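Here is a short tour for anyone meeting this structure for the first time. Have a look at the sequence and the model, then read on.

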Amino acid sequence: MSYLALARKYRPQTFSEVLSQDFITSTLQNAINMGRVTHAYLFTGPRGVGKTSTARIFAKALNCQNPVQAAPCGECDNCLEITGGTSLDVIEIDGASNRGVEEIRSLREAVKFVPVKSKYKIIIVDEVHMLTEQAFNALLKTLEEPPEYVIFIFATTDQHKIPVTILSRCQRYEFKKISYEEMNSNLKSILGKENIEYENDALNYIIRNSDGCMRDALSLLDQVIAYGGGKITLENTSYLLGITDSYLSNDIFSAILKEETEKLPDLVKTVDEKGIDYKYMTECLIEHCRNMMIYVVSNKLPGSDFTSREEEYYSSLKAYAEKAKLYSLFQILTKLINDLKYSDFARYVFEFAVIKAANISSIINILDNSSPVAASVKKAVSAPVNKVTESAAIPVKQEPAREETVKPEISEKIADTAKEVEKDTEPVPVLKGSEEGIWTRVLNIASSKNPMIYAMLQHAKLIEDTAEHLAISFPLERKFQFTQLKTGNSKDIFENIVFMVSEKHTKIDITLDNNIGDSKKKADIDEGAEKKSPDLKGNVSTAESTGTSVKRVQSHKIESFAVQKMKEEVKDNEFLKMAEKELGGRIINIEKN
Ligand SMILES: Nc1ncnc2c1ncn2[C@@H]1O[C@H](COP(=O)(O)OP(=O)(O)OP(=O)(O)O)[C@@H](O)[C@H]1O
Ligand SMILES: [Mg+2]
Ligand SMILES: [Zn+2]
């Protein structure tokens with residue numbers, strides 16, 4: 001006799017053999033017992049979970065000559081014929097290959113003849129969603145008023161494609177994926193009957209790969225048995241299911257968490273040489289990230305279908321997996337999936353992303369979760385404001401000693417100008433976020449973890465502040481900070497901070513305040529601001545005294561005017577020229593901080 005695939009050999013023949021669908025099988029049995037069988041059923045659910053099998057068992061139960069409590073005997077002529085597919089009273093058609101109106105018309109004709117030797121004429125239409133619109137229409141009539149002896153059982157994996165007119169005429173049953181426990185015990189019992197040895201880890205691996213579909217699990221089992229010469233080991237299962245790819249993703253994920261950047265180029269090279277799809281590899285890394293997070297927060301893996309080797313793997317990485325790091329990693333990887341869609345340089349995009357991921361801690365110094373954030377914010381906000389800042393080439397700011405050597409008259413002048421600027425502009429302390437918002441916490445983290453980002457954010461105006469949407473805007477003269485925050489590392493760091501705080505994908509909008517349009521318009525406004533400055537100054541001082549914030553647009557106008565004034569004054573300043581010479585750099589910008 002030719003070999004019968006396990007999935008067919010072990011097709012459930014009774015209601016009790018159908019796993020994970022107890023609710024459905026008992027309802028169907030009750031309906032028979034109570035004589036409340038309706039004329040149309042629709043079985044929906046994922047592939048390979050027992051829809052067709054249940055339809056056949058139900059048909060047997062309905063037509064069995066000796067049913068036992070609504071269960072088919074499995075031995076009478078009718079039962080045997082239905083099992084063997086030869087019953088004249090049970091018509092099984094495949095909707096995928098009989099989709100047209102003609103087929104449905106002939107079905108309608110067939111329905112007109114009473115059952116040959118059973119109580120019911122049962123029509124099972126598999127993959128019913130494949131029928132054409134006309135076919136559905138043709139079916140509708142029969143469904144409306146079928147002969148008493150007719151029962152339709154439709155099965156589909158895609159109930160959304162079925163017209164509501166049909167849906168509303170059927171009793172619907174939703175089949176579930178098979179649970180790990182039921183699948184595990186079913187596979188073990190089948191292997192026992194087949195006398196085949198197996199390793200538990202191998203079964204777990206097969207179960208996970210079949211995603212709740214019993215047919216897939218049994219087909220995989222068939223393949224592994226054939227490949228392993230009758231033995232099911234993790235080794236041959238791994239090989240057959242392409243687990244070598246997953247070893248590679250294990251290595252990449254572990255190199256990222258352990259920050260072993262030096263290992264990554266070789267690993268990426270292997271990915272390339274094996275021709276593994278980068279998107280697929282990224283998906284594997286995302287799954288690792290998710291499993292790791294669940295392991296960190298709950299001390300167990302998400303599901304029982306993990307092999308003991310996988311448990312060891314995640315537990316060995318736990319020490320390197322801080323939650324904040326995983327948040328950031330998750331974000332980098334989900335962004336990578338998107339980047340890969342639009343890039344012609346998949347390898348480089350992937351390589352950069354994983355290297356960046358391995359450097360998360362240094363990009364954003366998040367390892368110390370317990371740092372007294374509040375204290376550092378306080379310190380940052382109350383720190384003395386430097387009057388003159390400069391390009392990175394001349395870090396005068398970091399060298400207070402130099403300020404002391406400033407000639408008294410010049411330093412006085414600068415101080416005066418700066419004082420004026422300070423008086424003219426809004427105070428630096430940053431806008432407070434709303435209570436339900438995330439902005440204040442974002443600033444807290446930024447101030448303690450990344451002063452540079454914090455400094456940029458100080459110039460932003462808060463527009464919307466919720467965990468769903470954070471919108472900030474920069475005034476035109478802060479285009480530099482705006483551009484910085486929108487690009488490169490700063491952007492990633494800022495997004496990471498927001499993600500850490502909100503713990504969700506907050507929509508972030510960073511805009512440049514274009515109220516002040518082109519330079520001409522800007523000059524006009526500056527001029528206007530100059531004229532109106534006493535008035536506006538008044539506003540500012542009121543705001544300062546009451547502690548409320550003034551409309552920033554106004555203060556930006558003043559600030560830009562004041563800064564320009566200051567720049568004019570210090571342009572030919574001897575001291576600054578001297579400072580440039582001594583420090584071997586060039587002052588390219590002076591701003592009020
Ligand atoms: N609930 C279940 N209990 C036990 N075995 C099952 C179950 N579901 C599926 N199987 C196994 O998978 C095989 C296929 O099942 P079946 O044809 O009933 O699935 P289906 O839901 O109709 O799938 P499809 O949507 O792909 O047609 C069966 O022969 C059986 O071996
Ligand atoms: Mg089916
Ligand atoms: Zn029977």
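What share of the contacts in the chain with a separation of 6 or more comes from residues 24 or more positions apart? The figure is 76%. Keep in mind that this is a predicted model.

Let's start with the whole chain. It has 593 residues, and 33% of them count as buried. The average pLDDT is 78, and 73% of the residues score at least 70.

| Stretch | pLDDT | Contacts in the model |
|---|---|---|
| Residues 366-430 | under 50 | 92 contacts, beyond four places in sequence |
| Residues 516-559 | below 50 | 48 contacts, beyond near neighbours in sequence |

Now for ligand 1. There are 23 residues around ligand 1, and the ones that come nearest are Arg-11, Gly-50, Lys-51, Thr-52 and Ser-53. Sorted by class, this shell holds 10 nonpolar, 7 polar and 6 charged residues. Three helices, H1 (6-9), H3 (51-63) and H10 (214-227), each give at least two residues to the shell. Looking at domains, both domain 1 (6-174) and domain 2 (180-240) put in at least three residues each.

Next, pick out Leu-248, which sits in helix H12 (residues 243-257). Is Leu-248 buried or partly exposed? With 18 other C-beta atoms within 10 Å, Leu-248 counts as partly exposed, because being buried takes 20 or more. Setting aside neighbours within four places in sequence, Leu-248 is in contact with Leu-267, Thr-270 and Val-271. Take Leu-267: 19 residues separate it from Leu-248 in sequence, yet their C-alpha atoms are 7.2 Å apart in space.

Last stop, helix H24, which covers residues 479-486. Which of its residues are buried? They are Gln-481, Phe-482 and Leu-485. Viewed down the axis of H24, these buried residues fall within an arc of 105°, so they line one face of the helix. As for what covers the buried residues of H24, the list includes helices H23 (451-457) and H25 (488-502), along with strands E7 (469-474) and E8 (507-512). Just after H24 comes Gly-488, with a positive phi of about 55°.

Methods:
Residues are numbered from 1 along each chain as its sequence is written. Chains are lettered from A and ligands numbered from 1 in the order in which they are written. This is a predicted model: local features need pLDDT of at least 70, side-chain atom pairs count only at pLDDT 80 or more; totals for chains, interfaces and linings use all residues. A residue is buried if 20 or more other C-beta atoms lie within 10 Å of its own, exposed if 12 or fewer, and partly exposed in between; C-beta atoms are placed from the backbone. Helices (H or I, at least four residues) and strands (E, at least two) are DSSP runs, numbered from the N terminus. The arc is that of the directions from the helix axis to the C-beta atoms. Two residues are in contact if their C-beta atoms, placed from the backbone, lie within 7 Å. A residue is near a molecule or strand if its C-beta atom, placed from the backbone, lies within 6 Å of it. Ala, Val, Leu, Ile, Met, Phe, Trp, Tyr, Cys and Pro count as nonpolar, Asp, Glu, Lys and Arg as charged, and the others, Gly among them, as polar. Domain bounds come from an automatic or database domain assignment. pLDDT is the predictor's confidence in each residue, from 0 to 100.
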